[in-house]
Amino acid sequence: MNMVSFQNVYKSYDAQNYVISDLTLDIRKGEMVALLGPSGCGKTTLLKMINRLHQQDKGKIYIKNRPIEDWDVIELRRGIGYVIQSTGLFPHLSIEKNISYVLEIMGIAETSRKKRAAELIEMVGLDITYLAKLPKELSGGQKQRVGVARALAADPELILMDEPFGAVDALVRKNLQDEVKRLFKNLNKTIVFVTHDIEEAFHMATHIVLLNNGKVEQEGTKEDLIFGPKNDYVSSFFGTKQYGAYLNATKIKDVTILENGEKFDNALPIITYENTLMDGIRLMTEFGVEKLNVYNSNNVFCGVFSLSCIHRHKITDNI
């Protein structure tokens, strides 16, 4: 089922130049989709058309197979979580009231709102003591976690995120990315997020949409875009320097296959399957070996990692 569909959509802000031009795109339920591309390519405009912050000039947009014009705007927006870079928290409200704000508007009882806020603050990795604080008492990363919690408050099927981690430092950014990935896997949501960071798109998304001049140049997995570019623009955008982003964002468990007869080799170093491909390459280089023993989270041998695993994965994914 498609959660969102764009069919031949156009959008202009000056009635002359189109920011979005004849764009057709399906976002399937349960995907985490990254909208990627250079500044001015239409990423944020596309995102904002999903919750009718912007109206298309031509073409059709469907939310859950229903024309977007047929939705009541308030009903539509209440069913969509929205996370932005600046968090948009109300400075005069406690974190509890920020998280439960939409629930209060919906007429949910106070007891239920408090319970939901307590569930969500822990779900995003913060202690319940934060509920009594004001936004000014939180760090940037903590505010972003609260922003995610607020987006989840009404249990929406669809969550939109507009460069949600762009204003925090690298370590906090990585932790937030991992937290959102965990929530995505556990809660079965559809997430559409805007990013200019290729490594972030590779790390988080199940599906990547590369935009340019308001059109889709190519969409697919990170392997599709790195190893199967459809035109020169895609090849240029995902140039060889971005292969490093792929290695940093892909885990060893994604490419390791336990083949018949493969056994633990005492002469080889050990790595866990949650490590990245780059971690594996560094370890092989450090020890001067061509293979590594791979262990899963239960400390059980589950295969051997080598450069040929990356090649085999690349070929398999692009058949």
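Modeller: Here is a quick chat about a few loop residues and one hairpin.

Colleague: What should I know before I start?
Modeller: It's a predicted model: local features need pLDDT of at least 70, side-chain atom pairs count only at pLDDT 80 or more, and totals for chains, interfaces and linings use all residues. Residues are numbered from 1 along each chain as its sequence is written, and side-chain values use heavy atoms, with hydrogens and water left out.

Colleague: Okay, where is Asn 213?
Modeller: Asn 213 is in the loop between β9 (207-212) and β10 (215-220); strands here are DSSP E runs of at least two residues, helices are H or I runs of at least four, and both are numbered from the N terminus.

Colleague: And what's its phi?
Modeller: Positive, about 50°, although Asn 213 is not a glycine. Most residues other than glycine have a negative phi.

Colleague: Buried or exposed?
Modeller: Asn 213 is exposed, at 58% relative accessible area (exposed is over 50%, buried under 20%, partly exposed in between, with a 1.4 Å probe and protein chains only).

Colleague: How many bridges join β9 to β10?
Modeller: 5, and the two strands run antiparallel; pairing takes at least two DSSP bridges. They form a hairpin with 2 residues between them, and Asn 212 stands opposite Lys 215 in β10.

Colleague: Switching topic, where's Ser 39?
Modeller: Ser 39 is in the loop between β3 (32-36) and α1 (43-50), and it is exposed at 78%. Ser 39 and His 196 are 157 residues apart in sequence and 7.8 Å apart in space, C-alpha to C-alpha.
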